[in-house]
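Thanks for coming. Please have the view open while I talk.

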Amino acid sequence: MNPNGRILAIDYGEKRVGIAISDPLRIFAKPLQVLANSGMAGVIGEIKALVDLHSISKILVGMPYAIDGSL
């Protein structure tokens, strides 16, 4: 893992998992892709591949709040 690498953000959902990535300077983030949630093992495998491919040094996971603020 590169200590100066990019940040990967995960928006986990029951059907889909949104992935965003920072620029190399960690100033901006942009959507990278949406993964189909075919199970935890599959999602983790795809995330590991993205970590290696994009030199990720941090991973952020979003909190899944509903529009009304409940979990």
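Arg26, for instance, is found in the loop between β2 and β3. I will come back to that residue.

Now the ground rules. This is a predicted model, in which local features need pLDDT of at least 70, side-chain atom pairs count only at pLDDT 80 or more, and totals for chains, interfaces and linings use all residues. Residues are numbered from 1 along each chain as its sequence is written, and side-chain values use heavy atoms, with hydrogens and water left out.

First, the strands. Two strands pair if DSSP finds at least two bridges between them. In which sense do β1 and β2 pair? They pair in the antiparallel sense, over five bridges. The hairpin that joins β1 to β2 runs through three residues. In this pair, Leu8 stands opposite Ile21 in β2. β2 and β3 also pair in the antiparallel sense, over seven bridges, and there Ile19 stands opposite Gln33 in β3. The hairpin of β2 and β3 has six residues between the strands.

Next, the helix. α1 covers residues 40-53, which is 14 residues. The expected span of a helix is 1.5 Å times one less than its number of residues. For α1 that gives 20 Å, and the end C-alpha atoms are 20 Å apart, so the two agree.

Which residues of α1 are buried? Buried means under 20% relative accessible area, exposed means over 50%, and partly exposed is in between, with a 1.4 Å probe and protein chains only. By that rule, the buried residues of α1 are Val43, Ile47, Leu50 and Val51. Looking down the axis of α1, these residues fall within an arc of 105°, so they line one face of the helix. The arc is taken from the directions from the helix axis to the C-beta atoms. As background, an α-helix has 3.6 residues a turn, so residues three or four places apart point the same way. On the other side of α1, the exposed residues are Ala41, Lys48, Asp52 and Leu53.

What do the buried residues of α1 pack against? The partners are β1 (6-12), β2 (16-22), β3 (29-36) and β4 (56-61). Contact here means heavy atoms within 4.5 Å. Take Ile47: leaving aside neighbours within four places in sequence, Ile47 is in contact with Leu8, Ile10, Ile19, Leu35 and Ile59.

That leads to the core. A nonpolar core is a set of buried Ala, Val, Leu, Ile, Met, Phe, Trp, Tyr and Cys residues joined through side-chain atoms within 4.5 Å. The largest one has 11 residues, including Leu8, Ile10, Val17, Ile19 and Leu35. β1, β2 and α1 are the elements that give two or more residues to this core, and α1 gives the most, with four.

Now some polar residues. A polar contact is a pair of N or O atoms within 3.5 Å; within protein, one must be able to donate a hydrogen and the other to accept it, and residues adjacent in sequence count only if both atoms are side-chain atoms. Ser22 lies in strand β2 and, at 7% relative accessibility, counts as buried. The side chain of Ser22 reaches the backbone nitrogen of Ile7 at 2.9 Å.

Ser57 is in strand β4 and is buried too, with a relative accessible area of 13%. A polar atom of the Ser57 side chain lies 3.1 Å from the backbone oxygen of Gly5. The side chain of Ser57 also makes a polar contact with the side chain of Arg26, at 2.4 Å.

Back to Arg26, then. Arg26 is partly exposed, with a relative accessible area of 31%. Its phi is positive, about 65°, although Arg26 is not a glycine. Ser55, in the loop between α1 and β4, likewise has a positive phi, near 55°. At 39% relative accessibility, Ser55 counts as partly exposed.

Last, the end of β3. Not counting residues up to four places away in sequence, Ala36 touches Lys15, Val43 and Glu46.
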